[in-house]
Amino acid sequence: MSRYELRFSGAGGQGLITAGIIMAKAASIYEGKQAVQSQSYGPEARGGASKSEVIISDGPIDYPKVTECDALLAMTQEACNKYSHDLKDGGVLLVDSDLVTTLPKGNFKTVAFPIINTAKNEVGREIVANIVALGAMVALTGQVSRENAEKAVLSSVPEAFLELNKKAFSMGYEKALAAKI
């Protein structure tokens with residue numbers, strides 16, 4: 001049985017819990033896999049440490065928390081410092097290159113690009129940085145298809161923002177593939 005563990009981490013207010021929920025939705029509803037999502041955040045509503053964990057499996061999930069992280073998104077230096085030690089050998093670390101400047105050492109692949117800057121300057125709204133990051137995680141992990149992840153995104157956002165989120169998802173997906181090489 002395969003079990004894949006993802007963690008979306010950063011600061012409160014960056015939309016990482018939403019990104020985790022959408023990833024779990026893509027896996028469970030659109031891919032037909034088992035998925036569970038959990039979250040935790042510091043006492044501060046915005047700015048404090050925040051994480052969303054997603055477990056994806058082809059069988060029953062007996063424990064809903066990350067034990068050995070296959071893929072980690074770190075949107076802040078604090079999140080990277082705090083969670084990168086959980087990455088397993090051969091795992092993937094995705095970071096916002098503007099905010100995470102000290103990269104950890106380890107037997108995992110690191111992919112870095114300016115996620116928030118991409119949302120702000122290339123998509124047009126900083127608020128969709130979480131969807132840019134989600135697109136990148138989908139591309140890097142291969143746990144759900146691009147099509148099913150996009151369906152999950154579009155079914156999770158208000159109608160007025162469908163095109164914006166679709167563009168953000170595609171931009172993150174493409175940037176991650178380009179950075180992966």
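Helices (H or I, at least four residues) and strands (E, at least two) are DSSP runs, numbered from the N terminus. This is a predicted model, in which local features need pLDDT of at least 70, side-chain atom pairs count only at pLDDT 80 or more, and totals for chains, interfaces and linings use all residues. Residues are numbered from 1 along each chain as its sequence is written, and side-chain values use heavy atoms, with hydrogens and water left out.

**The sheet**
- Six strands make an open sheet of mixed pairing, in the order E2-E3-E1-E4-E5-E6; two strands pair if DSSP finds at least two bridges between them.
- Strand E2 (34–41) and strand E6 (109–113) stand at the edges. Each has a single partner strand, so one side of each is left without a neighbour in the sheet.
- Neighbouring strands are turned by 15° against each other on average, direction ignored.

**Pairings**
- Strand E1 (residues 3–11) pairs with strand E3 (residues 49–57) in the antiparallel sense, over nine bridges. Glu 5 has Ile 55 in E3 as its bridge partner.
- E1 and E4 run parallel, joined by four bridges. Here Leu 6 stands opposite Ala 71 in E4.
- E4 also pairs with E5 in the parallel sense, over five bridges. The partner of Cys 69 is Leu 87 in E5.

**Burial**
- Six of the six residues of E4 are buried (under 20% relative accessible area, with a 1.4 Å probe and protein chains only). E4 is therefore largely enclosed by the rest of the structure.
- Ser 38 sits in strand E2. It is buried too, with a relative accessible area of 13%.
- Beyond its neighbours within four places in sequence, Ser 38 is in contact (heavy atoms within 4.5 Å) with Lys 51, Ser 52, Glu 53, Pro 64 and Lys 65.

**Helix on the sheet**
- H4 lies across E1, E4, strand E5 (87–96) and E6. It runs at about 155° to E1, with angles taken from 0 to 180 degrees between N-to-C directions of axes fitted to C-alpha atoms, for helices over the stretch in contact.

**The largest pocket**
- A pocket is an open set of points on a 1 Å grid over the protein atoms alone, where a 1.4 Å probe fits, with protein on both sides within 12 Å along at least five of seven lines. Lining residues have an atom within 4 Å of a point.
- The largest pocket has 19 lining residues. Glu 126, Ile 127, Val 128, Ala 129 and Asn 130 lie nearest its centre.
- Helix H4 (129–141) and helix H6 (162–180) each supply at least two lining residues. H4 gives the largest share, three residues.

Terms used:
Buried means under 20% relative accessible area, exposed over 50%, partly exposed in between (1.4 Å probe, protein chains only).
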